[in-house]
Amino acid sequence: MFRIGHGYDAHRLEPGDGVVLGGVRIACPYRVVAHSDGDAMIHALCDALLGALALPDIGKLFPDSDARYKGIDSRRLLAEVMARVRQAGFRVANADLTLIAQAPRVAPHVAAMRAALAADLGVDEGAVGVKATTPEGMDAIGRKEGLAAHAVVLLQQA
Ligand code: MG
């Protein structure tokens, strides 16, 4: 009846003019180094969905050697992953995401992220948790060299 999945992703940061996280563009003095738009939160979410169904991860579904995925909006990847979830006969019960980043500050964007992700997952916003924490200056993320995200999802048979 139920399947649970976990996903994790991390990307390096470099000087730039903004990042995309949780489907939301955030202006800041950094950019994410990535083949796609570098949305680590959505990448973690995709891997959680795929993991719940024991399917290959997004690195295998959307290889970064494939030019079709260069600079791609990660919400398009999430849409493809959700198509597989539905094909498998499941729907999302809830999702919970945690961003670990010293920069940028995302608190003002959490509501927009929850709305974007809920729309993409086909659930109410009340079924999507988005949290952000900093490592309080510790480690590479604390030095703003990168950021990381975890996601957990529960699927139920549709
Ligand atoms: Mg990624």
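What follows is a short chat about salt bridges in this predicted model.

Colleague: I'm new to this one. How many salt bridges does a search of the whole structure find?

Modeller: First the general idea: side chains of opposite charge can pair when their charged atoms come close. Here, searching the whole structure turns up six salt bridges.

Colleague: Let's take Asp96. Which residue does Asp96 form a salt bridge with?

Modeller: Its partner is Lys131, and the closest N and O atoms are 2.6 Å apart. This pair links distant parts of the chain: Asp96 belongs to strand 5 (residues 90-100) and Lys131 to strand 6 (residues 128-133), 35 residues apart.

Colleague: And what does Asp96 count as in terms of accessibility?

Modeller: Asp96 counts as partly exposed, at 32% relative accessibility. Lys131 is partly exposed too, at 36%.

Colleague: Now Asp66. Is Asp66 buried or exposed?

Modeller: Asp66 has a relative accessible area of 18%. Buried means under 20%, so Asp66 counts as buried. Asp66 forms a salt bridge with Arg68, with 2.7 Å between the closest N and O atoms. Arg68, on the other hand, is exposed, its relative accessible area being 61%.

Colleague: One more, please. What does Arg143 form a salt bridge with?

Modeller: With Glu145; there the closest N and O atoms sit 2.9 Å apart. Glu145, at 38%, is partly exposed.

Conventions. Residues are numbered from 1 along each chain as its sequence is written. This is a predicted model: local features need pLDDT of at least 70, side-chain atom pairs count only at pLDDT 80 or more; totals for chains, interfaces and linings use all residues. Side-chain values use heavy atoms; hydrogens and water are left out. A salt bridge is a side-chain nitrogen of Lys or Arg within 4 Å of a carboxyl oxygen of Asp or Glu. Buried means under 20% relative accessible area, exposed over 50%, partly exposed in between (1.4 Å probe, protein chains only). Helices (H or I, at least four residues) and strands (E, at least two) are DSSP runs, numbered from the N terminus.
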